[in-house]
Amino acid sequence: MTKEDLHSCSVHLSDDERAVVLLDQTKLPNKTEYLTLTKAEEIYDAIKVLAVRGAPAIGICAGYAMYVLAQRAEASSYGELCERLHKDGEYLISSRPTAVNLSWAVGRMLAVLDGASDKSVDEVIALLREEAYAIQLEDIEMCRKIAEYGLSLLKPGDTFLTHCNAGPLATSKYGTAIGPAFLAKERGIDIKVFSDETRPLLQGARLTSYELQKAGIDVTLICDNMASIVMKNGWIQACFVGCDRIAANGDFANKIGTSGVAILAKHYGIPFYTLGPRSTIDMNCPTGADIKIEQRNPNEIKEMWYKEPMALPEVKCYNPAFDVTDHELLTAIVTDKGIVYPPFDVNLKKIMEED
Ligand code: MRU
């Protein structure tokens, strides 16, 4: 993997490695702009406003952020570096609660830090650099494997429906849920995609249809409330969605509206899969009821996408960013270690124990 390859990812390091560079996903599809961030507060804000989003991309961003912040701390001792980075890590984790990849990546960086008490500050920073790159390189590898397993569930000519964005923008390459479509394209296999626009933040319209269209993949954009009719018409052979946290029993959180798609798929007898790396599986979270769901600003519903507000300012809004899909609605979980079928509590444990 060359530096150029990494620089083509939505999250990467600047040339001098003293800043995190993000493709600003809030501006897509109309503008391609990058943010160059050096401070914990800037990175926190970028995660919060979804300039960087998608569970794996947030994790990669957090890894690089910890490396950049370690260099910029200019700590004179190991103890000082530890204190600064533990504080920064905690702060970054508090930016978004649902995607486990954020705390997972910060945890990995802190574990390297905590295990290096016998090293000089420069040596610790070198180890953090290695770990941050490893998080991204592993993600590329995992996404490729997920795409392979996902594609094995489809036959040429199939169409799958997806919700939100779990493509290269949300990871580093291929993506998870729509990775099989990119791989199919590489291999000249005809796979089509229906993309829910994904209210309220429109990641399906702004990001999924953008990435697929640009790659020359056959994509059709629909409003979220059109999923039922395209299923009923017999146009959908599978549903592939991403995940932000998979609990030990197979319940999983993903972008709001995912559970509705799963319920529809069950009604129409369409297989429903979530695709994600093992970094999204949280064995410390017993069930979906234990997943903290992020609540977001009501203005995302009322006014963010319109020339004029679409509701009275005093109207109450409920704006959860994610919902939990019950494991009973899931046909299987597609991971980098293979396709996991029920019983999920037993089989997830098995793949998490593998190397
Ligand atoms: O709020 P977002 O845009 O970060 O939500 C993203 C999703 O729900 C994705 O499906 C999930 O993070 C998986 S991305 C590979």
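Predicted model: local features only at pLDDT ≥ 70, side-chain atom pairs only at ≥ 80, totals over all residues.
1. The shell has 18 residues, and the ones that come nearest are Arg53, Arg96, Asp244, Asn254 and Lys255. Sorted by type, the shell holds seven nonpolar, seven polar and four charged residues.

2. The side chain of Arg53 puts an N or O atom 2.7 Å from an oxygen atom of the ligand. Asn254 also uses its side chain, with a polar atom 2.6 Å from a ligand oxygen. With Ala55 it is a polar backbone atom that lies 2.8 Å from an oxygen atom of the ligand. How much of the ligand does the protein bury? On its own the ligand would expose 420 Å², and the protein buries 99% of that.

3. Now for where the ligand sits. The space it takes up is the largest cavity. Two elements, α3 (55–72) and β9 (252–255), each give two or more residues to the shell.

4. Going from Leu28 to Pro29, the peptide bond is cis, with omega near 10°, and Pro29 belongs to the loop between β2 (20–23) and β3 (34–37). The bond from Arg199 to Pro200 is cis as well, with omega near 0°; you'll find Pro200 in the loop between β5 (192–196) and α8 (203–214).

5. Look for Tyr174 in the loop between β4 (159–162) and α7 (179–186).

Key
Residues numbered from 1 in each chain as written. Heavy atoms only, no water. Near = heavy atom within 4 Å. Polar contact = N/O pair within 3.5 Å; in protein donor to acceptor, adjacent residues only side chain to side chain. Areas by Shrake-Rupley, 256 points an atom, 1.4 Å probe, with all protein chains shown as cover. 1 Å grid on protein atoms, 1.4 Å probe; cavity = no way out; pocket = protein on both sides within 12 Å on 5 of 7 lines; lining within 4 Å. Sits in = over half its atoms within 2 Å of the grid points. Helix = DSSP H or I, 4+ residues; strand = E, 2+ residues; numbered from the N terminus. Nonpolar A, V, L, I, M, F, W, Y, C, P; charged D, E, K, R; others polar.
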